[in-house]
Amino acid sequence: MTDIGQKIKEAAGAVDNLTKFKKRSKLQASYIEYDKFSDSNLHEGYFCYNCIYWMNQGGGKCMLVENEGQDVMGKASEVIAPHGCCGAYEANYDKLHDTRTPSEGLAVDAEKNKERITTADVV
Ligand code: SF4
């Protein structure tokens with residue numbers, strides 16, 4: 001391959017890599033932000049607050065989803081709210097609290113809870 005051909009291939013690869021890291025819009029991610037959840041205990045349930053991609057610095061941002069624009073309900077805001085959620089949610093178990101009663105929790109292997117379960121595991 002000629003030098004110029006190699007350079008074009010490298011440039012195209014670099015652009016392709018950049019587009020792979022482009023954040024998704026709130027609509028693409030199925031992001032939703034219900035104000036009625038703003039007073040909820042954010043340590044329990046599926047909230048951006050306890051998602052591994054949420055960043056509190058700078059007023060509520062996400063590593064995967066743009067903080068500006070409308071959510072799937074048409075609500076527009078400039079942030080990824082701690083009480084929001086989207087289809088890319090991944091639990092941060094350092095923040096997410098176990099909501100079971102103490103007696104229910106005794107028989108539970110907490111490490112096992114962190115394993116990802118797929119449909120292949122369900123018989
Ligand atoms: S739930 Fe979605 S929008 Fe919220 S922090 Fe996680 S990836 Fe970002």
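This passage walks through a predicted model of one chain, from its overall layout to a handful of single residues.

The model is a prediction, so local features are taken only where pLDDT is at least 70 and side-chain atom pairs only at pLDDT 80 or more, while totals for chains, interfaces and linings use all residues. Residues are numbered from 1 along each chain, following the sequence as written.

To start with the big picture, the chain has three helices and four strands. Here helices (H or I, at least four residues) and strands (E, at least two) are DSSP runs, numbered from the N terminus. Going along the sequence, the pattern reads α-β-β-β-β-α-α. Of the 123 residues in the chain, 16% are buried. A residue counts as buried if 20 or more other C-beta atoms lie within 10 Å of its own, as exposed if 12 or fewer do, and as partly exposed in between, with C-beta atoms placed from the backbone. Contacts come next: two residues are in contact if their C-beta atoms, placed from the backbone, lie within 7 Å. Among contacts between residues at least 6 apart in sequence, 71% join residues at least 24 apart.

Now for the inside of the chain. Leaving aside residues up to four places away in sequence, C86 touches A29, S30, Y31 and V65.

A81 sits in the loop between β4 (76-77) and α2 (102-106). A81 is buried because 22 other C-beta atoms lie within 10 Å. Not counting residues up to four places away in sequence, A81 touches E33, C48 and G60. A81 and E33 are 48 residues apart in sequence, yet their C-alpha atoms are 6.9 Å apart in space.

The loop between α1 (3-20) and β1 (54-55) holds S30, and K23 and K36 belong to the loop between α1 and β1 too. S30, one of the residues that C86 touches, has a positive phi of about 60° although it is not a glycine. S30 counts as partly exposed because it has 15 C-beta neighbours inside 10 Å. K23 has 14 such neighbours inside 10 Å, so K23 is partly exposed as well. With residues up to four places away in sequence left out, K23 touches L64, V65 and E66. K36 and H83 are 47 residues apart along the chain, and 9.0 Å separates their C-alpha atoms.

Finally, G59 is found in the loop between β1 and β2 (61-62). G59 is exposed, because 10 other C-beta atoms lie within 10 Å. Its C-alpha atom is separated by 9.7 Å from that of P82, 23 residues apart along the chain.
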